[in-house]
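A short report follows the display.

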Amino acid sequence: MSAPGENLKINGDRLWDSLMEMALIGPGVAGGCNRQTLTDEDAEGRALFQTWCEAAGCSMGVDTMGNMFAMRPGTDPEALPVYVGSHLDTQPTGGKYDGVLGVLAGLELIRTLNDLGIKTKHPIVATNWTNEEGTRFAPAMLASGVFAGVHTQDWAYAREDAEGKSFGDELARIGWKGDEVVGARKMHAFFELHIEQGPILEAEGKDIGVVTHGQGLSWTQVTITGKDAHTGSTPMPMRKNAGLGMAKVLELVDEIAWGHAPHAVGAAGHIDVYPNSRNVIPGKVVFTVDFRSPDLSVIEDMEAQLKAGATKICADMGLGVEFEKVGGFDPVAFDEGCVTALRNAAERLGYSHMNLISGAGHDACWVNQVAPTAMVMCPCVDGLSHNEAEEISKDWATAGADVLLHAVVETAEIVE
């Protein structure tokens with residue numbers, strides 16, 4: 001297949017304007033976004049995306065998980081589409097670019113091809129995956145996981161948020177429950193552009209990260225039970241302090257991660273303390289330990305160390321402890337052909353680049369199980385993400401979208 005010429009580039013100003021307009025929907029309190037999945041704000045963002053896609057001549061399909069697929073036709077009706085995209089949902093205190101850049105870059109490359117009258121053999125589909133963040137409904141990457149056959153739809157529909165509302169009910173409520181069978185679509189390939197969410201590209205002075213692998217992830221929910229008691233009148237020897245038990249386990253988690261340096265990481269970010277009162281010794285704590293590594297054997301070893309170490313800590317303190325695996329996926333090796341297309345695109349366009357291992361989970365990690373897949377990343381300031389202060393430059397966004405355009409068009413095959 002012929003490679004597109006180096007003069008083929010997206011309209012960076014138009015992409016940036018689209019990002020800024022989408023950011024007005026579900027604005028945060030500190031300059032970012034709060035457009036959590038299946039909220040009214042999510043519905044509004046979806047509607048804007050659909051309007052833009054239809055204006056670009058695309059037909060919109062929506063499946064029963066709410067995944068959106070905007071298709072630009074190809075010249076060969078038998079050719080499988082090349083998919084490109086990410087997600088529009090955000091964290092409660094999310095930035096303007098995490099996920100959104102990948103969706104709107106997919107739309108922008110379609111707009112660019114329209115502007116230039118370029119036809120491709122394979123259709124190109126700009127995609128918005130539902131509930132990538134997993135903040136409101138755990139786990140993350142929920143709808144792409146159902147698409148890839150990792151989760152069942154019934155299980156996904158039954159996920160509940162903190163208020164007891166179910167995913168299935170909320171999807172129907174906001175009006176984005178489609179009629180396509182989830183996972184029925186077949187893909188020629190899938191590409192995802194994303195901000196790095198880490199500091200490496202900026203520190204190395206590189207324009208582009210070519211993602212070769214994705215870290216594996218393990219989420220273990222730990223429940224420690226002790227005894228609620230008055231903080232002032234309970235003698236120290238008679239306390240069964242679940243909070244103190246958690247503190248010791250969290251120190252263990254840090255030691256385990258350091259013991260598998262440099263590529264392994266670990267922490268607990270979701271913590272609930274009961275009864276969470278100033279003058280009551282915690283009788284119960286529930287927290288989720290997040291371990292990640294590009295090596296599956298390392299993840300398994302960290303899990304085993306956590307269970308053995310936490311069990312001993314709690315036994316020594318007279319506390320009860322339970323473990324539940326609530327999420328995770330094995331390390332991912334992305335498709336060599338798709339990775340090469342991205343690397344060649346960066347070379348052709350003259351952008352500095354390096355290989356990366358993604359430290360975060362992405363929809364591409366699940367899609368990789370059912371189609372040739374790869375990811376490209378652009379830098380973000382100080383590596384900051386999942387924060388309203390998340391920031392990228394227009395030049396970084398443009399470079400990432402240019403590389404995406406070239407890889408997608410080469411894979412979709414230009415028709416002369």
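Predicted model: local features only at pLDDT ≥ 70, side-chain atom pairs only at ≥ 80, totals over all residues.

Residues are numbered from 1 along each chain as its sequence is written, and side-chain values use heavy atoms, with hydrogens and water left out.

Domain 1 brings 10 residues to the contact and domain 2 brings 7 residues. Contact here means heavy atoms within 4.5 Å.

The size of an interface is often given as the accessible area lost when the parts come together. Domain 1 and domain 2 bury about 600 Å² between them. Carbon and sulfur atoms account for 73% of that area. Buried area is the accessible area (1.4 Å probe) that two parts lose on being put together, summed over both. On the side of domain 1, G214, I357 and W366 supply 40% of the area buried against domain 2, more than any other three residues.

What is the count of salt bridges between domain 1 and domain 2? It is 0. The rule does find 1 residue pair in polar contact across this interface, both at pLDDT 80 or more. A polar contact is a pair of N or O atoms within 3.5 Å; within protein, one must be able to donate a hydrogen and the other to accept it, and residues adjacent in sequence count only if both atoms are side-chain atoms. The residues of domain 1 that touch domain 2 comprise 7 nonpolar, 3 polar and no charged. In this scheme Ala, Val, Leu, Ile, Met, Phe, Trp, Tyr, Cys and Pro count as nonpolar, Asp, Glu, Lys and Arg as charged, and the others, Gly among them, as polar.

## Salt bridges

Side chains of opposite charge can pair when their charged atoms come close. The whole structure holds 14 salt bridges. A salt bridge is a side-chain nitrogen of Lys or Arg within 4 Å of a carboxyl oxygen of Asp or Glu. The table lists some of them.

| Pair | N to O distance |
|---|---|
| D13 and K394 | 2.9 Å |
| R46 and D42 | 3.3 Å |
| D161 and R136 | 3.0 Å |

D13 sits in helix α1 (residues 12-23) and K394 in helix α12 (residues 394-412), so this pair links distant parts of the chain, 381 residues apart. Helices (H or I, at least four residues) and strands (E, at least two) are DSSP runs, numbered from the N terminus. D13 is partly exposed, at 46% relative accessible area. K394 is partly exposed too, at 33%. Buried means under 20% relative accessible area, exposed over 50%, and partly exposed in between (1.4 Å probe, protein chains only).

R46 and D42 share helix α2 (residues 40-55). They are 4 residues apart, about one turn of the helix. Both R46 and D42 are buried.

D161 and R136 are buried as well. D161 lies in the loop between α5 (153-157) and α6 (167-173), and R136 in the loop between β5 (124-128) and α4 (142-147), 25 residues apart. Both belong to a network of salt bridges that links D40, R136, D161, E170 and R173.

T64 lies in the loop between β1 (59-62) and β2 (68-72). Is T64 buried or exposed? T64 counts as buried because its relative accessibility is 14%. Its side chain makes a polar contact with the side chain of Q153, at 2.5 Å. Beyond neighbours within four places in sequence, T64 touches residues including Y157, L171 and K177.

H122 belongs to the loop between β4 (119-120) and β5. H122 is buried, with 6% relative accessible area. A polar atom of the H122 side chain lies 2.6 Å from the backbone oxygen of L80.

G85 is placed in strand β3 (residues 82-86). G85 is buried, at 0% relative accessible area. G85 and V103 are 18 residues apart in sequence, yet 4.4 Å apart in space, C-alpha to C-alpha. With neighbours within four places left aside, G85 contacts G102, V103, T127, F190, F191 and E192.
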